[in-house]
Amino acid sequence: MTTTILFAAPQDSWDEYRAPLTEALDATGIDYHLSRDIPAAEVEYIVYAPSSGLTDFTGFPKLKAVLSLWAGVEKIVGNDKLAVPLTRMVDDEGLTQGMVEYVTGHALRHHLGMDAHIVNPDHVWLSKAPPLARERPVTVLGLGMLGSACARQLAQIGFPVTGWSRTPREIEGIRCLSGAEGLAEALAGAEIVVLLLPFTPQTENTLGAEQFAMVAPGAAIINPGRGPLIDDDALLAALDAGQVGHATLDVFRVEPLPQDHPFWAHPKVTVTPHIAAETRADSASRVIAENLRRGVTGEPLLHLVDRGAGY
């Protein structure tokens, strides 16, 4: 029996995914029909991007699951017109690896003080070696798939890593804390702070004036998670006061970042245009195809979103 799969994403995504997703589905051996144009009454699975504009799922009577192409599902998780299972994209080959490389690279950049040597117009001879990694406390806020992977990599290099999440987690080799008291303990004395929390009402402004005061003076902030995790005004004030030494920001409340935003001109801010990690069509297609195979054969879906937990 043919399984009908609606690809609900913009045309550019279809152009990118059509060939690799078809190849990945062919490799599963299931009988399927994949298209951007399928009558709603026939759709059984939806491969979904929030940018598609689709928000009402009540018109799909045979719908069994929605498989998101995005790692972040905050734009759909609270949708009361979605009553079937929802999965998020967890792409270890592409998305996770890209995030690990971004976070590790910028953590080492700040740890080694590389900026002072890369931009040195006065040819100042700065003959001072940085400390070893074991002397530089790092805190990772958010211990999901991406945060856990980054925490492990940083610990492998030698950094003493503390991880924090809203609910308790355990990761071998990582000091894990949780809750409001755990956040204060995790930030206390941290010299590099990485934000990889999802954006929810509970995580907005996780770092504000009170939290910036807890970190080690001159600490580096790296945010490739979500823009609203940081109070922008509090960050600018902490940078101007020297409490925060530098902020590398890849995500923002408004994207693209407006040309007149003070982050662009601030000498202690590095702006990158939401490039820390990207879902690669080839590897993501294999993730989607495996979940579709599981759905067809009655196996549990991977990477299900617990919407009751307020992800």
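How far is the sulfur of Cys 150 from the closest cysteine sulfur, and in which residue does that sulfur lie? The distance is 14 Å, to Cys 176, too far for a bond.

## Model basis

This is a predicted model: local features need pLDDT of at least 70, side-chain atom pairs count only at pLDDT 80 or more, and totals for chains, interfaces and linings use all residues. Residues are numbered from 1 along each chain as its sequence is written, and side-chain values use heavy atoms, leaving out hydrogens and water.

## Cysteines

The structure holds 0 disulfides (pairs of cysteine sulfur atoms within 2.5 Å). Cys 150 counts as buried, at 0% relative accessibility. Cys 176 is partly exposed, with a relative accessible area of 23%. Buried means under 20% relative accessible area, exposed over 50%, and partly exposed in between, with a 1.4 Å probe and protein chains only.

## Helix 1 against helix 9

Helix 1 (residues 11–28) and helix 9 (residues 281–297) have axes that come within 8 Å. They cross at roughly 40°. Helix 1 passes helix 9 in a right-handed crossing, the near helix being turned clockwise from the far one by less than a right angle.

Helix 1 makes the contact (heavy atoms within 4.5 Å) through residues including Tyr 17, Pro 20, Leu 21 and Leu 25. Helix 9 contributes, among them, Asp 282, Arg 286, Ile 288 and Leu 292. By class, this contact has 10 nonpolar, 2 polar and 4 charged residues.

Notes
Axes fitted to C-alpha atoms, helices over the stretch in contact; angles between N-to-C directions. Helix = DSSP H or I, 4+ residues; strand = E, 2+ residues; numbered from the N terminus. Nonpolar A, V, L, I, M, F, W, Y, C, P; charged D, E, K, R; others polar.
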